[in-house]
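Let's go through how to read a few features of a fold, one at a time. Bring your questions as we go.

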Amino acid sequence: MTYDVIIVGGASAGLTAAIYASRFELKTLVITKDIGGQTLLISKIENYPGFKSISGIELMQRFEEQARKSGAEFVFNEVVGIKEVEDGFIVKTLNEDYKAKTVILAFGHTPKSLEVPGESRFFGRGLSYSAIIDGHLFARKNVMVIGWGDLAIDAALRLCDISDKVYMSYKSGELLGSLELIEKLKAKENLELIPYSQVIEIKGEDKVESVILQDAWTQKTREIELDGIFVEIGYMVRTDFIRDFVKLDIAGKIIVDKSCSTSRLGIFAAGDITDTPSKQIAISTGEGAKAAISAFKYIQRRYSSIIRAHWS
Amino acid sequence: MSFVNDHIKLLLREIFEKELRDEVRLVFFTQDIECEFCEETRELLQELASLSKKIKVEIHDFMKDNDKAKEYGIDKIPAIAMIGSKDYGIRFYGLPSGYEFPVFIDDIVDISKGNSRLSEKAKVFLKSIDKPLHIQVFVTPTCPYCPRMVSIAHQMAMASDFIRADTVEIIEFPHLAQKYNVMSVPKTVINDTLEFIGALPEEQFLEKVLLASKMPQSPIHL
C-alpha cells in the first residue's frame, strides 16, 4: 500500500502535520518511537496559545487525539533509512518498509551526549539524561550534574532536595540561566560548584563509581567518587542516517526553505530537526502545518490528483 | 481525602459506563498496620469502585491471607491483582499515580473487554509462547516515557496465558531498585534473565520477549 504522506516523528511538528495532512484527505501515516518526545518532560507550558497552563503530556495527547480523529494512522517504530524510488519514497523501519508519495521529517532532537569513555556503558547504570525522570532513584546518594544552562540548574535544584551531595561541573566560569534560580541554587548547602571543569572519563565496575574531571586552566585532573551522573547539556539532532539524502547544516540539522522543503524534491521537514531558529512548541506546530501544506501542494502538482481540502 | 477530583470522576464515570463489559475485580493486598502507600492505594481503589458497579475491590491482608497472596503470586505490598473474566496476569505494585494512573484506567477497560489492543501480528506471535514469562516494568510516577511500556507489557499478559506482567513503582520498593540495579526508568526485566532500559516500540518489545522466551529458564520469582 502507498500512503500519500509518511510523517516521521510524533511530537508538536509531526502531529500538527498529521492533523493537516489527514484533513486534506491525504492517506497519512505517522511513524514514531513515542508521542510527544521531549515535550513530555515539561510539567507546565504557559506560552502555548489557548491554554493558560497545560502539561506537556496533556498537550501532546490532545494533539495525538486530534490527529487520530482526523484519520491519521500511527506505527510505533524507529525509522532507520529512507530511499527514493520511481514513484515515491520507501521509509525503512527496524522491521518493515512503508511507501509514500512524500515524506515529512519531524523527529526532533534528543539529549546531547558527552562523548567520553564510559558514557554509553553506564547509561542506565548511574548515568542519566534526565533528573526529572531518574532523580528519585538517587535519594541519599552522591551525584553530579554536568551542564551550565537552565536544564542543568533545574536538575541540580531537584537533586539537592533528594540526594546527599550534589556536584555541578561545567566548562565555563559561570552558570547561565535565570538569576533567581541561580541564587536559589547557590544557597544550597549540599552543593559544590566546579566551574572550568570538563569530564574526561566515567569509571566503575558495573555501575558508575567515579568521574574524572580536568581543570581547564591547570589541566590537573580530579577523581570524584559518586553514584550518579546527570548529563544536562542540551539537545542534539540524530540525522546521520539521512546525511546523504538531504542537505544538513554543520550541526546536522536539516536545511529547509520558507515552505519547509528540503534539498530533495518531495521531502519536507519541520520542527526542531530543521535549521529554523527558536525551538518552541508554537513554532514547531506552525512549521508542521506549513510542511503538510507544502506536501499537499507537491502531491497535487506531481500526481495531478483531484484531492481537495475541506476548506478549499 | 479524595484522589480523583470531581471533574475526573465525571469523566471516569462516563468511560466506565460506556466501555466496561465484564466485572473487574481489583484484588488488593495490604496489612493491619498499613504500609506507607497502602492506605492511599486502598482509598484510590475504593474511590474507583464507587464510580462503577462493574468494578469491585477485594481487600486482603498480606500476612493473614497468605494463601490468597500465594494464589495471586503476590510477594510485596501494596499490590493489586487486576482480574477480569479470568486472571490475565496483570499486577500493579505501588500506588498507580502520576503518569501511571491513565494506564491503570486503560487496564481496567481492557480487562473488562477481555481484549488487548495489540496488533494482530503481535497477538498471533504471543499465542505461540508456551513457557512462563515474567515481565517486570520498573517505573516512577514522574516518568512520562514509562506508561507506554507498562501498557504494552500488560497487554502482552492479556494476549498470552503464559505471560505475567508486573508494574513496580520502584521508589516504593528500594530493595528491588538495589536488586535489579534500577538507575533509569523505564527498566524492564524479563524472567530475571534479560533486561533493558527505555521505552521501546511494540515490535521491539516483542523481539525482546521472543529472545527471553528462547533463553534458558531461570526460576521465576513470584
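Q: Which strands does helix 6 of chain B lie across?
A: Helix 6 (residues 146-159) of chain B lies across strand 4, strand 5 (133-139), strand 6 and strand 7 (187-190) of chain B. Its angle to strand 6 of chain B is about 155 degrees. Helices (H or I, at least four residues) and strands (E, at least two) are DSSP runs numbered from the N terminus. Axes are lines fitted to C-alpha atoms, for helices over the stretch in contact, and angles run from 0 to 180 degrees between N-to-C directions. Contact here means C-beta atoms, placed from the backbone, within 7 Å. Bear in mind that this is a predicted model: local features need pLDDT of at least 70, side-chain atom pairs count only at pLDDT 80 or more, and totals for chains, interfaces and linings use all residues. Residues are numbered from 1 along each chain as its sequence is written, while chains are lettered from A and ligands numbered from 1 in the order in which they are written.

Q: What is the strand order of the open sheet in chain B?
A: Strands of a sheet pair through backbone hydrogen bonds, either parallel or antiparallel. Here the open sheet has eight strands in the order 2-1-3-4-6-5-7-8 (chain B), with mixed pairing; two strands pair if DSSP finds at least two bridges between them. At the edges sit strand 2 (55-61) and strand 8 (194-197) of chain B, each pairing on one side only. On average, neighbouring strands of this sheet are turned by 20 degrees against each other, direction ignored.

Q: How many bridges join strand 4 of chain B to strand 6 of chain B?
A: Four, between residues 87-93 and residues 163-169 of chain B, and the two strands run parallel. For instance, Tyr93(B) has Val168(B) as its bridge partner in strand 6 of chain B.

Q: Which residues of helix 2 of chain B are buried?
A: An α-helix has 3.6 residues a turn, so residues three or four places apart point the same way. In helix 2 of chain B, the buried ones (20 or more other C-beta atoms within 10 Å of their own; exposed is 12 or fewer, partly exposed in between; C-beta atoms placed from the backbone) are Cys38(B), Thr41(B), Arg42(B), Leu44(B), Leu45(B) and Leu48(B). They cover an arc of only 160 degrees around the axis, so they are on the same side of helix 2 of chain B; the arc is that of the directions from the helix axis to the C-beta atoms.

Q: What do those buried residues of helix 2 of chain B pack against?
A: Strand 1, strand 2 and strand 3 of chain B.

Notes:
Contact = placed C-beta atoms within 7 Å.
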